[in-house]
Amino acid sequence: MKTSMNSKRNSKAYLYLAPWIIGMLVLQLYPFVVSIYYSLCNYTGLADPVFIGADNYIRLFTKDKEFQKSLWATVQYTLYTVPCKIIMSLLIALLLNKGRKGIGAMRTLYYLPSLFGGSIAVAILWKVMFMDNGLVNALLNLVGIETVSFFGNPKTALPTLSSLEVWQFGSSMVMFLAALKQVPASLYEAARIDGAGRLRSFFSVTIPQISPIIFFCIIMQTVNALQNFTSAFVITAGGPVKSTYMLGLKLYNDGFLYNKMGYASATSWIIFILVVGFTLVLFASSKFWVFYGDES
Amino acid sequence: MKKRQVVSLILSAVMAVSVLSGCGGKEAEKTPAADGGAETTEGTGETPQEPSGEDVTLRFSWWGGDARHEATLAVIEAFEKEHPNIHIEAEYSSYDGYSEKKTTEFASGTAPDIFQIETGLGPEYYKNGVLYNLSETSFDWSNFDENFLIQNGQFGSGSQYAIPTGQAGSAIIVNKTLADKIGIDFTQQYDWDQFIEWGKMVQDYDPECYLISANTSYAMPFFVRAWCRQKNGKPIMNEDLTLNMTEEQFTECFTLIKELYDNKVCAPASYKAPFGDQDQEDPNWIAGKYVCAIGYTSSADVLSAANDTVEYMAGNMPVMADAVNDGWVNDCPQYIGVYAKTQHPAEAALFLDYFYNSDEAAKLLGTVRSVPPTEKARNICEEMDALNPLTKQSVDVSMQYNGFSDSGRTTSSEVTAILVDAYDNVSYGQMEPAEAAAEVMELLNDYMEVNK
């Protein structure tokens with residue numbers, strides 16, 4: 001009787017889960033698996049794929065100079081974005097971790113940009129703000145600084161694009177805020193008794209206590225940054241002079257503009273390997289700086 | 001701890017998987033169209049299919065602005081009134097992502113029955129066999145100029161696979177008020193080097209002014225493809241994947257481009273980049289600080305509307321002294337074609353016949369797709385006073401020339417991207433002309449090798 005009840009409950013659970021499971025199988029797992037095969041084929045998307053072995057991968061690394069530029073742009077973008085976003089969100093979380101009047105409204109305000117994450121509208125807003133006749137240049141001109149061609153200059157385009165991602169620091173901030181609340185006050189008190197100042201307390205108590213969250217945020221942000229597409233596509237289209245032509249955009253152009261779906265699949269696998277590689281390195285480094293409360 | 005790490009790692013990997021999702025897709029159904037190219041409907045020798053009279057729903061997709069959307073929807077409505085058994089589902093948007101969407105629709109076999117086609121992509125679509133042979137339908141071609149059809153939409157096949165939507169060509173839209181003040185005469189015939197001399201005159205007149213407003217998307221076809229057509233009388237790349245342009249010629253062409261930017265004939269590339277191909281949004285154009293903008297006849301109305309305080313004219317085009325051919329061509333702004341896998345080719349042709357040949361459609365469409373492609377529709381527009389005089393003048397100027405279309409391999413998306421990158425590298429001063437020429441040769445040779 002009990003087994004039958006359990007089985008019935010399980011069936012119901014699977015029924016509720018079915019939309020997600022079907023979606024995952026059809027929209028994620030199938031493309032994931034089939035892209036391995038396509039990456040080994042000459043496939044235009046219009047005719048049947050023709051198996052060519054590892055040619056796409058060999059071409060990517062030996063002949064495609066654009067791929068090397070894209071890879072470098074993607075790594076640069078990640079290096080600009082992740083540390084800045086983590087530092088920014090941690091600093092704001094520290095500021096908001098105080099019981100002040102109207103703190104709830106402040107937290108909401110700082111979180112707002114993240115609600116628009118990855119949206120086309122925000123990318124367009126950024127483009128307009130940083131144009132030669134945009135708001136940012138108008139403010140710079142007010143204080144006597146000459147107009148900067150943020151998205152027209154290959155040297156400034158990528159950092160400006162990164163600033164959009166950094167601006168959307170809300171989700172990391174909320175996690176840091178939650179982590180900061182969990183740090184026992186007794187630890188700060190003990191540190192104070194031992195003669196530690198605010199800075200020493202921050203580095204010796206706060207950082208180790210919230211290190212698992214820092215670690216989690218770094219991984220999440222790295223994964224996001226390596227897959228950037230929307231802002232590069234909408235704001236700069238990869239320019240100027242390919243300075244913002246990141247791998248996600250190259251993949252899109254190869255697949256949907258040049259009808260090289262097989263080649264684009266190979267690029268997507270390189271991105272995947274890059275993401276896994278970065279993650280593994282971070283995991284390997286974590287034993288030196290991440291402190292888990294349940295560790296002896 | 002270990003277990004948690006492993007779980008976290010797996011979760012991270014699952015997140016990363018999402019990036020790969022975009023690259024999969026349903027395999028294209030194998031049809032003669034999918035791998036055989038043009039033979040899909042060509043040469044069957046069958047008599048044109050007649051509409052069945054049954055209830056039919058067709059999908060029609062196009063891109064454009066509000067005026068084009070409203071006019072096209074009005075034509076659809078008028079057609080449906082005349083043919084109550086045929087329902088047209090309209091799918092319209094801006095150009096952003098339009099061609100990419102078509103690629104996925106072709107791959108999944110779900111493309112609309114009728115769709116607008118970007119001119120440069122027409123030959124690629126034809127080669128990939130996604131276009132229906134319209135010569136085998138009952139479409140009435142009698143209102144079109146035969147040579148115009150041969151040049152536009154046949155892709156060398158002898159059959160009509162796409163119908164040009166209008167007449168268009170490269171154009172130089174001149175701020176005549178400023179040009180007259182400086183003493184620049186665009187009505188004379190001149191060569192490419194003249195740009196440099198005029199550019200210097202403009203800088204002497206006012207260092208904040210430039211001779212040319214040039215965005216990369218329009219400037220590359222203007223300064224590279226047209227230059228090659230004049231130099232060699234041939235396109236940069238032939239259909240049989242051979243090159244007509246040599247490395248020395250590329251160097252010569254890129255040297256001209258470098259001089260245009262070094263001498264401030266063109267506005268700096270870094271300044272123009274954020275505006276994309278929307279020259280009319282450039283505050284310097286609105287303020288009347290350019291003598292001219294290079295682009296297409298279809299740009300004439302938006303450019304002139306952006307600053308109506310000055311007088312405009314369509315200038316003559318540059319032709320090199322030893323040109324084999326004047327290189328400037330009057331072609332079309334886009335095509336409309338029918339999907340090779342449509343279930344209702346006869347009904348699609350019936351709609352297109354109404355769209356192109358009926359008086360009602362000509363009145364409703366006006367010039368929303370540039371100057372109409374048939375004389376009949378042009379006359380109707382003139383009677384309605386719907387033709388923008390500047391657009392008409394720019395089309396008239398482009399018709400003075402006897403160039404040929406290089407539409408084909410040279411205009412394919414990948415070759416275009418290679419040439420645009422080279423133009424960018426030279427205009428930004430990132431590469432010397434010889435260096436850019438060597439890189440272009442390497443990339444074009446690689447493209448030819450892969451596609452052979």
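Trainee: Where does N259(A) lie in chain A?

Mentor: N259(A) lies in the loop between helix 12 and helix 13 (261-289) of chain A. Please bear in mind that this is a predicted model.

Trainee: What is the phi of N259(A)?

Mentor: The general idea comes first. Most residues other than glycine have a negative phi, and most peptide bonds are trans. N259(A) is not a glycine, yet its phi is positive, at about 55°.

Trainee: Is N259(A) buried or exposed?

Mentor: A residue counts as buried if 20 or more other C-beta atoms lie within 10 Å of its own. N259(A) has 23 other C-beta atoms within 10 Å, so it is buried.

Trainee: Which residues does a cis peptide bond join?

Mentor: The cis bond is between G239(A) and P240(A), with omega at about -5°. P240(A) belongs to the loop between helix 11 (230-236) and helix 12 (247-257) of chain A.

Trainee: How many helices and strands has chain B?

Mentor: Chain B has 19 helices and ten strands. Of its 452 residues, 48% are buried.

Trainee: In what order do five strands of chain B form an open sheet?

Mentor: The order is 2-1-3-10-4, and the pairing is mixed. Strand 2 (86-93) and strand 4 of chain B stand at the edges; each has a single partner strand, so one side of each is left without a neighbour in the sheet.

Trainee: How do strand 1 and strand 2 of chain B pair?

Mentor: Strand 1 (residues 56-63) of chain B pairs with strand 2 of chain B in the parallel sense, over eight bridges. Within this pair, F60(B) stands opposite A90(B) in strand 2 of chain B.

Trainee: Which strands does helix 3 of chain B lie across?

Mentor: Helix 3 (residues 66-82) of chain B lies across strand 1 and strand 2 of chain B, and runs at about 175° to strand 2 of chain B. Helix 14 (residues 345-357) of chain B also packs on the sheet, where it touches strand 1, strand 2, strand 3, strand 4 and strand 10 of chain B. The direction of helix 14 of chain B makes about 50° with that of strand 1 of chain B.

Trainee: Which residues point one way from strand 10 of chain B, and which the other way?

Mentor: In a regular strand the side chains alternate between the two faces of the sheet. From strand 10 of chain B, Q334(B), I336(B) and V338(B) point one way, while Y335(B) and G337(B) point the other way. Five of the five residues of strand 10 (residues 334-338) of chain B are buried, so the strand is largely enclosed by the rest of the structure.

Trainee: How many bridges join strand 3 of chain B to strand 10 of chain B?

Mentor: Five bridges join strand 3 (residues 114-118) of chain B to strand 10 of chain B, and the two run antiparallel. Here I117(B) has Y335(B) as its bridge partner. Strand 4 (residues 163-164) of chain B is also antiparallel to strand 10 of chain B and is joined to it by two bridges. I163(B) stands opposite I336(B) in strand 10 of chain B.

Trainee: Into which domains is chain B divided?

Mentor: The division gives domain 1 (37-167 + 332-373) and domain 2 (168-330 + 403-451) of chain B. Their centres, taken over C-alpha atoms, are separated by 31 Å. Twelve residues of domain 1 of chain B are in contact with eleven residues of domain 2 of chain B. Helix 5 (residues 122-127) of chain B gives the most to the domain 1 side of this contact, with three residues.

Trainee: What does V397(B) touch beyond four places away in sequence?

Mentor: V397(B) touches A171(B), A314(B) and N316(B). V397(B) and A314(B) are 83 residues apart in sequence, but 7.0 Å apart in space, C-alpha to C-alpha. V397(B) is found in helix 17 (residues 389-399) of chain B.

Key:
Residues numbered from 1 in each chain as written. Chains lettered and ligands numbered in written order. Predicted model: local features only at pLDDT ≥ 70, side-chain atom pairs only at ≥ 80, totals over all residues. Buried ≥ 20, exposed ≤ 12 C-beta atoms within 10 Å, placed from the backbone. Helix = DSSP H or I, 4+ residues; strand = E, 2+ residues; numbered from the N terminus. Pairing = 2+ DSSP bridges. Contact = placed C-beta atoms within 7 Å. Axes fitted to C-alpha atoms, helices over the stretch in contact; angles between N-to-C directions. Domains from an automatic or database assignment.
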